Amino acid sequence: MLGRWLDRVRERRPRIHCITNYVTANDCANILLACGGSPIMADDAGEVEEIAALCGGLVLNIGTLDARTVPAMLAAGRRSNALGHPVVLDPVGAGASALRTGTALELLEQVRFSVIRGNISEIRALALGGGSTQGVDADADDAVRPDTLDEAVHFVQDFARRTGAAVAVTGAVDIVADGEKAYCIYNGHPMMSRVTGTGCQLSALTAVFAAAAPGHVLEAAASAVCAMGVCGELAHERMGELDGNAAYRSHIIDAVYRLDGETLDRRADYKIL
Amino acid sequence: MLGRWLDRVRERRPRIHCITNYVTANDCANILLACGGSPIMADDAGEVEEIAALCGGLVLNIGTLDARTVPAMLAAGRRSNALGHPVVLDPVGAGASALRTGTALELLEQVRFSVIRGNISEIRALALGGGSTQGVDADADDAVRPDTLDEAVHFVQDFARRTGAAVAVTGAVDIVADGEKAYCIYNGHPMMSRVTGTGCQLSALTAVFAAAAPGHVLEAAASAVCAMGVCGELAHERMGELDGNAAYRSHIIDAVYRLDGETLDRRADYKIL
Amino acid sequence: MLGRWLDRVRERRPRIHCITNYVTANDCANILLACGGSPIMADDAGEVEEIAALCGGLVLNIGTLDARTVPAMLAAGRRSNALGHPVVLDPVGAGASALRTGTALELLEQVRFSVIRGNISEIRALALGGGSTQGVDADADDAVRPDTLDEAVHFVQDFARRTGAAVAVTGAVDIVADGEKAYCIYNGHPMMSRVTGTGCQLSALTAVFAAAAPGHVLEAAASAVCAMGVCGELAHERMGELDGNAAYRSHIIDAVYRLDGETLDRRADYKIL
């Protein structure tokens, strides 16, 4: 029944304020447009409160963090909190530098997040207040495998409880959980890791799904994660023998553009714990 | 007869200096290359005057405005004015924040623009010295419809007279006007609004058309607007059933690459008031 | 035998730290992923030393240089030098402004580069300590032609000797040389100059090839240049009659994704001087 949250996005067409990195900003904007939302990228502290107020949700992505935008993230986050808008954190590379970990932790302290979405290494770095992420991809040691799934779910739910956010950890198996309930999602394709920014795009999607579904943050986040995975599969089915990650990048966004709630429900592959 | 201005671009291959947003900078560069021009993106105040002097035209786009680049925009604009190069303003999101509206108005005061290109809400915000734009897309209330076209043309021409610029307002119907003459252009496809940055790309195109046609700013701007609309149509004709806005984004730029003056003339759909 | 260096990249999968421009950052990230490496874009002085230490190589690209990132480039470069990681310089637009030329020269003074990759005008500007580059593309006057090839090779080798770097000058004929040996590479397609950032992408590729081949910088650089040229050819063979530079952009990255060492060896077209 996750498909209904996609239908909601298409009906309500939320506008999402993105303070995000310059590597994948274009893809984030286009995936928001693909699913029926609309993006505004604005990161100057002098305008972010006004922009946040025009939008229905906010995503804070630290992918190319610089000192200039941290105050803008804090101001936009607080304003969105005051307005009751959902705020999504994508702690890209948390654990890879003190600046990233510290900024993510400061954001967690100052802003109330609806959803925190990252890979397992990033989420571990935040949960443990540090860490040793090797970059922007999850470390092999941290990977969620069938035999460590229960432990990982426990860990994610514990972090969700402490932060009051739904937490979405994406990888070979995705876990989307709050303190009460956890979705383990099996959709997706390994090739998604060969396209830069599929995580950033998913965080933007999560924000627009959450903005369209007030009061249903966990379901909205699970639906966004599932939708991204299904689109990764659909996109892979289109790949020709000369196609590579650039074609795949386009096909994923195109699949989001074409996806409907019914298809999402039919292809969704998850269990609830 | 708008096709000749495209042919001019291909003959003269102007180099365009872009101070623009990081969301759509890649598309702006590629559409300039598609039509035969060449781009230079440079936004540090320490070099923009030199860069402007190497180019034949300038586009100032406030899509991801930050305090650092405003002085660079002013310096580049003044230098281009001194050199007699066309300068295009794309006031992305004017009306959505005081920073954007104020910066756009300051640019209008300090720099003489050849063309101002925006959606109707942005242009209204500038004309009225404020406004209530809801983001980077035009508000439904502001939309130019058949029954409000005459009024909109009047409004655009009035703003053109006050600024001394040709003004290009794009939407379902595009209006390109100076104080004397107005083009109402019917080319384009609604799906263009589902690709981020088609407006930014058009502003870049307008600059390169204007740079190739000294003394014919209005015609060059009308030709650029018409070319973008025709390419939106041609690109849509290529769309397969699995294609979405990412494929469409590529197809539009590809259509510009393939467009020639003759095709533009044959497909152009406009009237002159 | 250049194909083996590509195979090395696929085996070792080096992580590359990019301090690069916002126009082509996405393409640089995706081409690194295409060839089996992985990218981290990070440009804040507060974290670049930590990020450099997590990576196997660094690329410094001044395409949208701003005052903020110069200290970050210096810090990351020095740290990578201390760690013995290869560092690649892409002096985009050197010669076009005092800021670019001065910054590139300062980087050359403070950082030991493994490879310097640019067009002939940029390299001339650095070698002569100034110059008159007309933008980000090579000037027609500077172009390497069959009758000036020997002279160009001599010039490149002299600059390589002075800097201690391998120097890769790309154009109609590519020259990759250190003080001892020079590769003249004939792969590539003229249409590559109609896609923004093919040079930036090549610089990123060069860094990942060098990171995978310690002690073989010149061969690695020649292999990267050859691979990019071959992919430009393969991508062009796929072009349909409606395709333009946007499709070509994707096809080049896709060709890198599909390329293997054997195909590279079979299609490589070069001579060694």
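## Contact between chains A and B

Two residues are in contact if their C-beta atoms, placed from the backbone, lie within 7 Å. By this criterion, the contact draws 27 residues from chain A and 28 residues from chain B. This is a predicted model, in which local features need pLDDT of at least 70, side-chain atom pairs count only at pLDDT 80 or more, and totals for chains, interfaces and linings use all residues. Residues are numbered from 1 along each chain as its sequence is written, while chains are lettered from A and ligands numbered from 1 in the order in which they are written.

On the side of chain A that touches chain B, two or more residues come from each of α2 (25-34), β2 (38-41), α3 (48-54) and α10 (245-258) of chain A. These elements are DSSP runs, numbered from the N terminus: helices are H or I with at least four residues, and strands are E with at least two. The composition of that side of chain A is 14 nonpolar, 5 polar and 8 charged residues. Here Ala, Val, Leu, Ile, Met, Phe, Trp, Tyr, Cys and Pro count as nonpolar, Asp, Glu, Lys and Arg as charged, and the others, Gly among them, as polar.

## Relation between the copies

Chain A superposes on chain C by a rotation of 120° with 0.0 Å of shift along its axis, at an RMSD of 0.0 Å. That is the relation of a three-fold axis. The C-alpha of chain A nearest this axis belongs to A:Tyr22, at 3.4 Å from it. The two copies use different surfaces, as 11% of the contact residues of chain A recur in chain C. Superposition is by least squares on the C-alpha atoms of residues with pLDDT of at least 70 in both copies.

For chain A laid on chain B, the turn is 120°, the shift along the axis is 0.0 Å and the RMSD is 0.0 Å. A:Tyr22 again supplies the C-alpha of chain A nearest the axis, 3.4 Å from it. Of the contact residues of chain A, 11% recur in chain B, and these copies use different surfaces.

## Backbone at Arg13

B:Arg13 has a phi near 50°, a positive value in a residue other than glycine. Its place is the loop between α1 (3-12) and β1 (15-19) of chain B. With 17 other C-beta atoms within 10 Å, B:Arg13 is partly exposed. A residue is buried with 20 or more other C-beta atoms within 10 Å of its own, exposed with 12 or fewer, and partly exposed in between, the C-beta atoms being placed from the backbone.

In chain C, the phi of C:Arg13 is near 50°, again positive in a residue other than glycine. C:Arg13 lies in the loop between α1 (3-12) and β1 (15-19) of chain C, and counts as partly exposed with 17 C-beta neighbours inside 10 Å.
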